[in-house]
Amino acid sequence: MVHQLPTGARDLLPLDLLQKQWFEHRLQQVCHRWGYQPILTPTLEYLSSLLAGGTIDANTVIQVQGRNEEILGLRPEVTASIARAYGPRYARDANLGVQRLYYHANVFRWRGDQGQNEAFQSGVEILGARGVAADGEILYLLADCLESIGIGTWKLVLGHAGLTTALIETFPESCRRAIRVGVAHLDRVALEQLPLPDSLIDQVLTLLDLRGTPHEVFAKFTSLPWLPVTSLPELDYLQSLFHLWQGDCLLDLSLIQPFDYYTGVVFEVVLGDRILAQGGRYDHLLSHFHPRGTDIPSIGFCLNLEVLQQVCQPQLPQTFPPPDYLVVPQSEAELPAAFRLATELRLQHPKAIVKLALTPQCITQAKERGVSHILTVNDGDILEGGTSAGAAAQP
Amino acid sequence: MVVTFALPKGALLKDSIQLLQRVGFDFSAFLDGNNRQLQIADPTGQAQALLVRSQDVPIYVSYGQAQFGIVGEDVLQEKTADVAKLVDLKFGRCYMAIAVMQCSPYRSVMELPPHCRVASKFVRSAARYFRELDLPVELVPLYGSVELAPMTGMAEAIVDLVSTGRTLRDNGLVEIEFLYESTARLIAHPLSWRLHDRRIHEVVHQVRRCLEHGM
């Protein structure tokens, strides 16, 4: 029988992992320098915990039968797990304050007809802080993360879930749900067919097209008499944010989800037609895990590693470095001396790669790869250069 | 930037090509009976088109291989692809309906017995409809000639797309419920649309103008 992997599952062979670690190492250094601390939550959670925020569709979670009839799920994202871990901690410790966290994790999802999928994400969260300072920090940290992995030309598409929700609430209650779904799915046709007077349909369609540079969008706002501009504190907030965030940005108020745990800014980082990262502010999620239901304002983002790996391929390492030293025992009798020599070299050169030749082929390969020190151990002597006839181990 | 359209083989192709001709793109080579090419460029070099099965149009668009696609709403209801639905193109009008044999004792959906068999090519639309009604049925997925299912007694009813109703009549079937109307849609890759590329918006604008002035 040939044992194959289920669809969507994948082995990460040494070169894949070398490339994955290339990203993780760089992102980790950035997060560390910004004062973020690492966290790792379990792969398996109670399904009810994953769904508590009300935004994850149970059909997208790969479910696992627990021992005592309970239903478990493989995490489809990490934020819900972090909220589950920290909600109760905030309840126990009133002085917990701001938590800055980062993670590297695999996530699992059912993707309809395409079957299940395992993907890797690196992400950060700030728990316990709101306002322009925290949101600005997240955007600048995101920019720093992207720069550390050599991505220079990206586009930030940013919306504000709270503002869009406030705008939707200016429409008759019976249509709000349909408007939200239509805007989230960019379904102009469905919005045109809403059972509303033409003047209101026009307003709904304006809402769908509220995107452009921040300057353009703010100008549109002031030119639309039906918009309750003065009663929208989110607008002032966005103006303050764009005072702080000077990077290139497309302000897009249709960037919402039909079911959203995001409450404030939401964003995607785009390169060509690919989404490199996404995130947003979620001020209510932790309350679902807080025994007294207290809100803990939070914001975060995650980077999609597979997409980054495709985009950054030219600059990623394509081979492992060759060893600095190859120790060749001339016969089995020389093995103790060879191990001693290798140990000594590792002590003397803590960063060097020291390998033992296990087969004659190792010597040929080392020569081809230009290994600078091939050390043959023979009769207690150490000679530079190897003879392929020499290796002690059997071919 | 060359704009790519994913065009559906079959009933919507001719109208799609006529519309795009009026917008200024000529893909009429697809209508030539001798044509075997699946990808052709517009003579101006400004656009190209991919000829794909209608069910595959939203897939090419959601993967970003085509910025635009033309496809029936019935396909979009069946394939939940991440695409922006921009314009109702008004052609290819048909509707999804439930039909039974003329001699069947059932004259409305609510009369169908629970757990009866319903055959369809549109399994998702059918499943969603019966779930909303809270009527448990056994769906029999078929690829075509769905009318045969009730004729042979395999199913009590069918959920199928109707344009003139002639196929139903000729096979002794009668509609008992209307689900939704479907026409062709202009769809786009959501990011291409969001990112406000001038070319993309021009195409949509021209298509809208063409429709306003009548096909």
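Residues are numbered from 1 along each chain as its sequence is written, and chains are lettered from A in the order in which they are written. Because the model is predicted, local features need pLDDT of at least 70 and side-chain atom pairs count only at pLDDT 80 or more, while totals for chains, interfaces and linings use all residues, and side-chain values use heavy atoms, with hydrogens and water left out.

**Helix packing**

Two packed helices are described by the angle between their axes and the distance between the axes. Helices (H or I, at least four residues) and strands (E, at least two) are DSSP runs numbered from the N terminus; axes are lines fitted to C-alpha atoms, for helices over the stretch in contact, with angles from 0 to 180 degrees between N-to-C directions.

| Helix pair | Axes within | Crossing angle |
|---|---|---|
| H4(A), residues 132-148, and H10(A), residues 233-244 | 10 Å | roughly 45° |
| H1(B), residues 13-23, and H8(B), residues 198-212 | 9 Å | roughly 105° |

H4(A) and H10(A) are therefore oblique to each other, and H1(B) and H8(B) are therefore roughly perpendicular to each other, where angles under 35 degrees count as roughly parallel, over 145 as roughly antiparallel, 65 to 115 as roughly perpendicular and the rest as oblique. On the H1(B) side, the contact (heavy atoms within 4.5 Å) is made by Leu19(B), Arg22(B) and Val23(B), which meet Gln206(B), Val207(B), Cys210(B) and Leu211(B) of H8(B).

**Interface between chains A and B**

Chain B contributes 19 residues to the contact and chain A contributes 23 residues. The two chains bury about 1700 Å² between them, 51% of it on carbon and sulfur atoms, buried area being the accessible area (1.4 Å probe) that two parts lose on being put together, summed over both. Within chain B, Leu191(B), Arg194(B) and Leu195(B) lose the most area to chain A, together 38% of what that side buries.

**Salt bridges**

A salt bridge is a side-chain nitrogen of Lys or Arg within 4 Å of a carboxyl oxygen of Asp or Glu. Two salt bridges are counted between chain B and chain A, and the side chains of Lys85(B) and Asp187(A) meet in a salt bridge at 3.4 Å, N to O. Over all chains the count comes to 21 salt bridges. Arg84(A) and Glu45(A) also meet through their side chains in a salt bridge, at 2.6 Å, N to O; this pair links distant parts of the chain, with Arg84(A) in helix H3 (residues 79-92) and Glu45(A) in strand S2 (residues 44-46) of chain A, 39 residues apart.
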